[in-house]
Amino acid sequence: MTTLEALHLSKDYPIRGRGLRPQTLKAVDDVSLLVRPGESVALVGESGSGKSTIAKMLIRLTEPTGGDITLDGERIPAGRRATKRYRKRVQMVFQDPFSSLNPSLPIRHQLVRPLRIHGIVRTRAEEERELRRLLDSVNLAPASEILAKYPHELSGGQRQRIAIARALAPRPEVLIADEPVSMLDVSIRLEILQLLDDLKRERNLAVLYITHDLATARHFSTQIVVMRHGRVVERGRSADVILDPVHPYTQLLVRAAPDPHSEPFQVDPDRHLGSPDVLVSPSDPGPADERHWARAWADDAAVAELLARV
Ligand SMILES: Nc1ncnc2c1ncn2[C@@H]1O[C@H](COP(=O)(O)OP(=O)(O)OP(=O)(O)O)[C@@H](O)[C@H]1O
């Protein structure tokens, strides 16, 4: 199975400065990461710290300014074919299931496409079998009903399950999950994170989990990497980073995190996750306004469309 490694990754964006001279923003500055099979690494940090830029570089949507990305120690050559082979192995789950699925296509179409593009199925019979297997793996049933639906006919949680099934379709070895539950209702966030965790174990996936949420980062990840202003300020075993943070910024994040022991946190009573800190704060940002959806749709849909093609 596959280990994903980022070595001294950096990304500069040109920005308009005050003077005439062009300036650059170091969105990511010398970041190294290692994600092993069967392991989840959480990338945490405040908004603008560079987490999504790292995800975009790792899925090869953005070219790094410097550094390398390797799979099992091998650098990925440039070019469309190599990118397609890479994306068969490294898949992404986006933040917003309301926008990452094409609203005008039935679910069947959205799942069949990656199966065909990556040569997973050859015959109609194989296609049907694989579609059912995919839906089964994300706990969605009955298959024939779900496959005939359009995204707007599904709930947010169901849509994110479909997005996860689509990411699993090429049978990837690495999954990048960029804030996979932050747009969902608080009541279903844990279910989706638990699903990702189960899939990681069953399929020995290497998972990079990008989040603002320290509690779920700790519970669902082996390692936590803390970013600030494009740089890694602290990393280590999840429990160590949360319980004994060394860097003042991590200490601040931990102090600012909602207290999982105080009301009104919610937990799914049917799940015994073994840790009181796997709770979700209802004060987290919920669904945003209409304009936000429109903007988010434009972004995520374009990216998901691009990934489906290559
Ligand atoms: N295409 C771009 N052009 C210029 N600047 C960009 C671009 N994309 C991101 N940035 C800047 O890079 C920095 C890092 O952004 P990034 O989206 O990676 O942060 P983030 O940690 O993922 O934030 P969030 O949690 O809000 O998604 C920010 O200052 C952002 O404004």
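A residue is taken to be near a molecule or strand when its C-beta atom, placed from the backbone, lies within 6 Å of it. On that basis, the ligand is surrounded by Tyr13, Leu25, Ala27, Gly45, Ser47, Gly48, Ser49, Gly50, Lys51, Ser52 and Thr53. The model is a predicted one, with local features needing pLDDT of at least 70 and side-chain atom pairs counting only at pLDDT 80 or more, while totals for chains, interfaces and linings use all residues. Numbering starts from 1 along each chain, following its sequence as written.

Elements here are DSSP runs numbered from the N terminus, with helices being H or I over at least four residues and strands being E over at least two. Counted this way, the chain has 11 helices and 10 strands. Back at the ligand, β2 and α1 each put at least two residues into the shell, and α1 gives the most, with 3 residues.

What order do the strands of the open sheet take? The 4 strands line up as β2-β1-β4-β5, with antiparallel pairing, where pairing takes at least two DSSP bridges between two strands. β2 (23-35) and β5 (74-75) sit at the edges, each pairing on one side only. Further in, β1 (residues 4-15) and β4 (residues 66-71) run antiparallel and are joined by 5 bridges. Leu7, for one, has Asp68 of β4 as its bridge partner. Helix α1 (residues 51-58) lies across β1, β2 and β4, at about 115° to β1; axes are lines fitted to C-alpha atoms, for helices over the stretch in contact, and angles between N-to-C directions run from 0 to 180 degrees.

Contact means C-beta atoms, placed from the backbone, within 7 Å of each other. Of the contacts in the chain between residues at least 6 apart in sequence, 68% join residues at least 24 apart. As for burial, a residue with 20 or more other C-beta atoms within 10 Å of its own is buried, one with 12 or fewer is exposed, and anything in between is partly exposed, again with C-beta atoms placed from the backbone. Buried residues account for 37% of the 310 residues in the chain.

Buried in α7 are Arg189, Leu190, Ile192, Leu193, Leu196 and Lys200. These cover an arc of only 165° around the axis, so they fall on the same side of α7, the arc being that of the directions from the helix axis to the C-beta atoms. Their cover includes β3 (40-44), α6 (156-168), β7 (174-178), β8 (206-211) and α8 (214-220). The face turned away from this buried side carries the exposed residues Ser187, Arg201 and Glu202.

Most residues other than glycine have a negative phi, and most peptide bonds are trans. Just after α7, Asn204 has a positive phi of about 55°. Arg60, in the loop between α1 and β4, has phi near 65° and counts as partly exposed, with 18 C-beta neighbours inside 10 Å. His229 lies in the loop between β9 (223-228) and β10 (231-237); its phi is near 50°, and with 16 other C-beta atoms within 10 Å it is partly exposed. The peptide bond from Ala141 to Pro142 is cis, with omega near -5°, and Pro142 belongs to the loop between α4 (124-137) and α5 (143-148).

Key
Contact = placed C-beta atoms within 7 Å.
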